[in-house]
Amino acid sequence: MDDKHSQPTSDDLSLNFSVLHRSKSFWWDTSAPYLPRQPLRGDRTFDFCIVGGGITGLSTAYHIKKLEPAASVALLEAEVIGYGASGRNAGQLIIQFGGGDLKAAIGRNGVENMGRALTCVADGVRLIEEFQRDGTVDCDYAPTGTLKVGLRIEGDAAIEEYLELQEKMGHAAALSSLSQSQVEAELSSPHLGAAIFDKRGGQFNPLKLVRGLKAAAEKLGVEIFESSPVAAVEAGRDGILLHTGLGAARCKKVVLATNAFTHQLAGLDGLGIQREQTPLMVKGTITEPLSEEQWNRAGWPRRSGVNVLSKLFYSFAPTIDGRILSVGGYYTTAPVDRSLSPEVEWRLKHLDHLAAFFPAMRGVKTAQTWGGPISITADWRPHLGLTKDPRILFACGCWGHGMGIGTHNGLTLAELALEQQSDRTDQWFVRRNGRAWPSRLLAGILAARVIYNRRRGNRIIGKKLSPPVLFD
């Protein structure tokens, strides 16, 4: 057989790869063909190694190389860039930190600390905006802002309290209030009441962001290896050794940007990070593109994300091609084993919650559902900094805070790795020991209990709405 015909071409490899990774998310299924980088083979030595090819790992690698061009930097990804939460994101940049309950977050962390943390998230969003503006990446970013909307049956108290808390934290300048009648005029919903509009943030394509940042990092000289799972981390006198299936990487320092996958790494006993987080599998859904007539009926003049401020959690966000992406109802699972296989949620495909909130969108069809792992910490905030071995740095617990904090954390980790001091490295939630989860099994049971209670609460609230929003 002719070698020319027996060897796969790059187009063949791209096509096969795309087929293998279909249904990871809407972003994957609508992305351009992608040819992954070769895995790490043999033994290599670097100054810095980054484990994890999501937004935090890529931002760390990019910023280390930008801050110290002479350093040799490698990034090792077990699957492919954007395989985890970064490639399955809900497509919104939101200024949020420490969980969805702002009052509870302030109770845990304090007003001043929360204000500083929200500034970090906003700075991360600005980094992404700068990447888009200067051509570093093209992630379809649209600065639409976001709406935080209350439920009519719960009154305006929650929205008023939210604005008051934002004022105390020093973030009210970016916010404006909408009355229930103004929200009704914009969104035509029988359930939504008054709202707060945050002009910061907006919509974007998360997979295009991480792929663009990958290209930018490589342009600076970062070496990226995909299909290179790190089986174990071995800390020795002469450096850190990362064992992969086809080789090993030795480095002076390593950053573990593995988020929900952190517990799967071996060799970290005694460093105090194996119980920093526990994973949850979160589900989302997206519609077919709305027609011009459907959009005219629906309204949505801002085309911003709509996030319900209630224990009845729901989030709806338009995409650049005119769809609605939604997450909500706590269709979430807590894996008790070490597996984090992608999941889909058939109930989201068949229950028309979009039309329940926005009757003008009745008849809009669901195109796809998907799931992915997020990382939850026991104190609801991101954990990052140095381990007990200062040569090993880590980050996990980026959930609900979005890609803004992940991008910002990458810059912070780069400065920490290079032993540079800044306002970022001095942040209150950096370097500190976070509250740890109990054993993996017990953490999974506790997380499952929280999910059960939230689902139960959703059913109770949903039945009170008129017309009711029903849950399976």
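**Helix α13.** I looked up the length of helix α13 (residues 402-417) in this predicted model. Its 16 residues, at 1.5 Å a residue, should span 22 Å, and the end C-alpha atoms are 23 Å apart, which agrees. The expected span is 1.5 Å times one less than the number of residues. Helices (H or I, at least four residues) and strands (E, at least two) are taken as DSSP runs, numbered from the N terminus. I then looked up the cover of α13: 15 of its 16 residues are buried. Buried stands for under 20% relative accessible area, exposed for over 50%, and partly exposed for values in between (1.4 Å probe, protein chains only). Just after α13, I noted that E419 has a positive phi of about 60°.

**Basis of the entries.** Residues are numbered from 1 along each chain as its sequence is written, and side-chain values use heavy atoms, with hydrogens and water left out. Local features need pLDDT of at least 70 and side-chain atom pairs count only at pLDDT 80 or more, while totals for chains, interfaces and linings use all residues.

**Salt bridges.** I found 18 salt bridges in the structure, each defined as a side-chain nitrogen of Lys or Arg within 4 Å of a carboxyl oxygen of Asp or Glu.

I looked up K252 and D47, which form a salt bridge with the closest N and O atoms 3.3 Å apart. K252 belongs to strand β11 (residues 247-256) and D47 to strand β1 (residues 42-51), so this pair ties together parts that are 205 residues apart in sequence. K252 is exposed, at a relative accessible area of 56%.

In helix α7, E164 and K168 are four residues apart, about one helical turn. Their side chains meet in a salt bridge at 3.7 Å, N to O. E164 is partly exposed at 41% relative accessible area, and K168 is exposed at 54%.

I also checked D379 and R381, whose salt bridge has its closest N and O atoms 3.5 Å apart. D379 is buried, with a relative accessible area of 7%, and R381 is buried as well, at 3%. Elsewhere, salt bridges with shared partners join E288, D321 and R323 into one network.

**Helices α5 and α7.** I looked up the packing of α5 (residues 102-109) on α7 (residues 157-169): their axes come within 10 Å and cross at roughly 35°. Axes are lines fitted to C-alpha atoms, for helices over the stretch in contact, with angles from 0 to 180 degrees between N-to-C directions. The contact (heavy atoms within 4.5 Å) involves L102, K103 and I106 of α5 and E161, Y162, L165, Q166 and M169 of α7.
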